[in-house]
Amino acid sequence: MEQIERVGYDVIVVGAGAAGMMAAGTAARNGLRVLLLEKMEKSGRKVRITGKGRCNVTNARPAEEFAEHVRANAEFFAPAFAEFNNRATIRFFERMGVRLDTERGERVFPQSGKAWDIANALLEYCVENGVKICYDTQVTEIMTLGQRVFGVKYINRRGFERKEECDRIILATGGVSYPSTGSTGDGYAFAADLGHRIEPLRPSLTPLRSSHPQMPHLSGLLLRNVGARLFVDNEPVREEFGEVGFSERGIEGAVALRVSRDAVDALIDGRSVKLVLDLKPALDEQILRDRIAREREALGPEEFFSELLRKLVPKPLVMPLAYELDVNSRVYMRKVADAQIERLIKVLKGMVFPITDYAPFEYAVVTAGGVDCAEVNPLTMESRRVRGLYFAGEVLDLDADTGGYNLQIAFSTGRLAGMLKQ
């Protein structure tokens with residue numbers, strides 16, 4: 001039966017995710033007695049599923065370029081990144097025996113393609129440095145006296161309420177995305193109870209939902225190398241290039257996820273949002289017009305319109321595109337008017353998807369919003385309101401684009417929070 005040893009811990013870390021394990025292992029490596037409390041049955045639940053099970057560990061871009069992809073409080077994050085940057089993260093995991101590869105877009109993955117290797121390396125880092133880890137342990141309260149922490153109350157795996165006194169607590173409880181992994185917003189409640197301001201929470205890197213009538217017929221389609229522009233109140237706000245996918249969750253893929261934060265914020269504000277896809281970004285309208293003319297001539301007048309579309313777009317997009325154009329896919333090419341070809345060109349260069357909603361936290365990669373960074377010391381991650389209370393990871397109002405940036409935020413802030421003195 002697992003019990004918390006009454007040894008007098010120097011620091012208690014709440015949450016055994018990426019940030020929590022990095023913080024706990026770092027503090028223990030510096031000679032502190034560390035207790036790590038995790039409410040789930042194992043550590044790193046979210047790490048184990050991130051990147052579709054491959055785990056995009058970090059992004060290898062230079063510091064200036066990296067900072068451009070941090071969407072909130074990049075200046076606050078800068079000291080943590082300077083202390084433990086993406087190069088340090090790569091060295092850390094390679095020293096832990098995890099071989100890494102850098103792929104397109106400077107995204108870094110384990111060579112094995114297994115997120116478990118990253119989660120297990122973090123766990124090993126904690127264990128080999130003597131961290132005491134208790135699973136199935138739900139923290140219910142951060143105890144304070146005046147404006148200083150002095151311990152936690154928790155419910156152990158047998159269902160009994162206990163407490164453990166300690167004058168340094170690191171909250172690394174994650175956000176509210178993927179709640180099945182244990183990220184259910186506990187840290188926000190603790191921080192708010194202790195007087196911290198919580199920036200409004202909303203999904204980030206989440207699928208976008210559209211009222212386009214062909215959405216049900218596009219499910220399962222993946223488009224590669226497409227351009228995308230996000231419009232808010234008919235003004236362009238962001239432009240991207242890459243993959244766009246369609247599923248029952250909505251429009252997803254790297255491109256949609258990257259623009260989703262701006263889309264979500266605009267929708268919350270009651271503004272109109274649309275995503276415009278350029279299906280032929282390498283061709284301007286005239287070159288595309290010339291190509292279609294060649295394809296029409298090669299096909300001949302007795303072929304169906306669908307055969308022309310098949311030359312231009314993936315097969316699953318043929319019927320939805322025909323409906324979009326309001327042209328019967330089985331009409332003969334000789335009956336297709338020049339005006340319909342012009343309409344085809346316009347749609348290929350700008351297929352409009354009105355965005356009316358977004359997928360909930362269950363499908364979001366990260367949580368935007370969180371503990372107000374103005375109330376946290378960026379040099380230590382300690383609360384400016386409560387002495388001895390530290391924050392790390394997604395519980396903070398820090399989030400970034402997809403591509404390895406968010407896990408790096410967890411590692412950098414976790415490392416800095418764990419740099420405690422004896």
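How many of the 6 residues of strand E16 (residues 273-278) are buried? In this predicted model, the count is 5 of the 6, so strand E16 is largely enclosed by the rest of the structure.

The pairing of this strand can be followed on both of its partners. Strand E13 (residues 222-232) is joined to E16 by 6 bridges, and the two run antiparallel. Within this pairing, Val232 has Val273 of E16 as its bridge partner. E16 is also connected to strand E17 (residues 351-358), again in an antiparallel arrangement, through 5 bridges. Here Val276 stands opposite Val352 of E17. In a regular strand, side chains alternate between the two faces of the sheet.

Leaving aside residues up to four places away in sequence, Leu257 touches Leu205, Thr206, Pro207 and Val365. Pro314, by comparison, is 57 residues from Leu257 along the chain, and their C-alpha atoms are separated by 22 Å.

The final element is a helix pair. Two packed helices are described by the angle between their axes and the distance between the axes. For helix H1 (residues 18-29) and helix H13 (residues 405-417), the axes come within 7 Å and cross at roughly 30°. Because angles under 35 degrees count as roughly parallel, H1 and H13 are roughly parallel to each other. Their crossing is right-handed. On the H1 side, Ala18, Ala19, Met22, Ala23 and Thr26 meet Leu407, Ala410, Phe411, Gly414 and Arg415 of H13. By class, this contact comprises 7 nonpolar, 2 polar and 1 charged residues.

Methods
Residues are numbered from 1 along each chain as its sequence is written. This is a predicted model: local features need pLDDT of at least 70, side-chain atom pairs count only at pLDDT 80 or more; totals for chains, interfaces and linings use all residues. Side-chain values use heavy atoms; hydrogens and water are left out. Contact means heavy atoms within 4.5 Å. Buried means under 20% relative accessible area, exposed over 50%, partly exposed in between (1.4 Å probe, protein chains only). Helices (H or I, at least four residues) and strands (E, at least two) are DSSP runs, numbered from the N terminus. Two strands pair if DSSP finds at least two bridges between them. Axes are lines fitted to C-alpha atoms, for helices over the stretch in contact, and angles run from 0 to 180 degrees between N-to-C directions. Angles under 35 degrees count as roughly parallel, over 145 as roughly antiparallel, 65 to 115 as roughly perpendicular and the rest as oblique. A crossing is left-handed if the near helix is turned anticlockwise from the far one by less than a right angle, and right-handed if clockwise. Ala, Val, Leu, Ile, Met, Phe, Trp, Tyr, Cys and Pro count as nonpolar, Asp, Glu, Lys and Arg as charged, and the others, Gly among them, as polar.
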